[in-house]
Amino acid sequence: MNAHMSPEEFRRHGRQVVDWIADYLANIEPYPVLSQVKPGEIRRSLPAAAPERGEPFEDVLADLDRVLLPGITHWQHPGFFGYFPSNASPPAILGDLISSGLGVQGMLWVTSPACTELETVVVDWLAELLGLPAHFRTDGPGGGVIQDSASSASLVALLAALHRASGGEVARDGVTRRYTLYVSSQTHSSLEKAARIAGLGTAGVRIVDVDPDTLAMDPSRLRRLIAEDLAAGAVPAMVCATVGTTSTTAIDPVPAIGEVCREHGVWLHVDAAYAGVAAICPELRHVNDGVAEYADSYATNPHKWLLTNFDCTVAWVADRTPLLGALSILPEYLRNAATSGGSVVDYRDWQVPLGRRFRALKLWTVIRWYGAEGLRAHIRTGVELARELAGWIAADPAFELHEPHPLALVCFRPVWPGLSPADADQATMRLMERLNAGGALYLTHTKVADRVVLRVAVGAAATRREHVERAWALIREEREALAAGR
Ligand SMILES: *Cc1c(COP(=O)(O)O)cnc(C)c1O
């Protein structure tokens, strides 16, 4: 039987694990980026029942190599161009390890004052690094909080918006009137999910048309839709504007949308999950135009492109009162002098779950290791490589580039002469599948104007120019092979 792991055993296995991770990151290139296993393959390689007797830790590490690695899609691979990046970095890994080591549950200030106060400091730091307004800072009327995901941030924003729009009635009586949420066809699916969770239902989600070229929300359509809903007796609760949509990184016109929200007192949430962190570079700060003037809440994900291991979404509100009104409940077993005294932040009131991890540690280790300079260099590398790739695509008549491409995502479509749109889309999907089966890269697709386009999202920490060049060479070769019927 294994007793608790002794400090000496932990030291030994801990070193093995850190060595394992360092070797993995140093030697990641030979792995196929996209896992090539079939459904059920990993499960079948694992015992159906848990062991009765404890096992040596070395056996676990051996299975990590033998069984699990083939089933890993390598998000940190320099050839990973799918979805959006999900950056990990050694300082973030170490920060997360310290969080695990402390084993702190930071639901209240009193359950670990440092967990709360470090979080306050790093979210305020990040607000300043991104050029966000002073009222988002904790010493102002608002404040920031680390959530597990942008999806949670959207849900929490919607709950605060409903609280404000209903004068607190929703918290007391539930949803009794018809509240509406405004999104575009390009808005992330988590907003519709938030509407369902909050009791608005899919019927409460109003979809605003986008500009057919830029795919950005059309503010005049928003104005018309809100007027129609008001006339029909609905209560417009929240508009979600997106800075950098998931499909193509379209940027909704936040200032114009904000004007419409202000006219009707509607909460404006800005979802900048992927793109928001780019504002750390002064030359990209324009992505947040209008946020300072109009946003009631704003969220961005350091866990995508800012070198901080999942999960780490930072969400800010301009005014914390409706948020706390929507989510604070104080049962007897959580009562304590610090909370009652009102001089501390209890982040449990800023999120859906009660319990919370010490996530601030990894953001702190990342910001301190890289400094603002290092973080800017990483963002700039992605943007420059993507710009270069876009140039190659634009110059090649066998491909059509989707514009605009404001950050590090490039969308494009191969041209298939002589094929109908439907057949061309099928050929594009086949091209993608062949590329992804090749192992050297992984890219994903979306649809623009109902046509399939490929997405190359640059931004993994390991990606250098040579990897983007190689990806482009492979894309061209495979397209030619397919077009020639090979
Ligand atoms: C990725 C993304 C999300 C979802 O992020 P999670 O943190 O995984 O919930 C939401 N909105 C946009 C615009 C995104 O790109």
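Reader: Which residues lie nearest the centre of the largest cavity, and how many line it?
Author: The lining of the largest cavity has 16 residues, with V156, S297, A315, W316 and V317 nearest the centre. A cavity here is a set of points, on a 1 Å grid over the protein atoms alone, where a 1.4 Å probe fits but cannot get out, and lining residues have an atom within 4 Å of a point. This is a predicted model, in which local features need pLDDT of at least 70 and side-chain atom pairs count only at pLDDT 80 or more, while totals for chains, interfaces and linings use all residues. Residues are numbered from 1 along each chain as its sequence is written.

Reader: Which elements give two or more residues to that lining?
Author: They are β1 (143-147), α6 (150-165), β5 (267-271), β6 (297-300) and β7 (313-317). Helices (H or I, at least four residues) and strands (E, at least two) are DSSP runs, numbered from the N terminus.

Reader: And which one gives the most?
Author: That is α6, with four residues.

Reader: How much space lies in the largest cavity?
Author: About 90 Å³, where a volume is the space filled by probe spheres set on the grid points, joined across faces, edges and corners.

Reader: Changing topic, at what angle do α4 and α15 cross?
Author: The axes of α4 (residues 90-102) and α15 (residues 360-394) cross at roughly 145° and come within 7 Å. Axes are lines fitted to C-alpha atoms over the stretch in contact, and angles run from 0 to 180 degrees between N-to-C directions.

Reader: Which residues of α4 make the contact?
Author: P91, A92, G95, D96, I98, S99 and L102 do, against L361, K362, T365, V366, W369 and Y370 of α15; contact means heavy atoms within 4.5 Å.

Notes: Heavy atoms only, no water. 1 Å grid on protein atoms, 1.4 Å probe; cavity = no way out; pocket = protein on both sides within 12 Å on 5 of 7 lines; lining within 4 Å.
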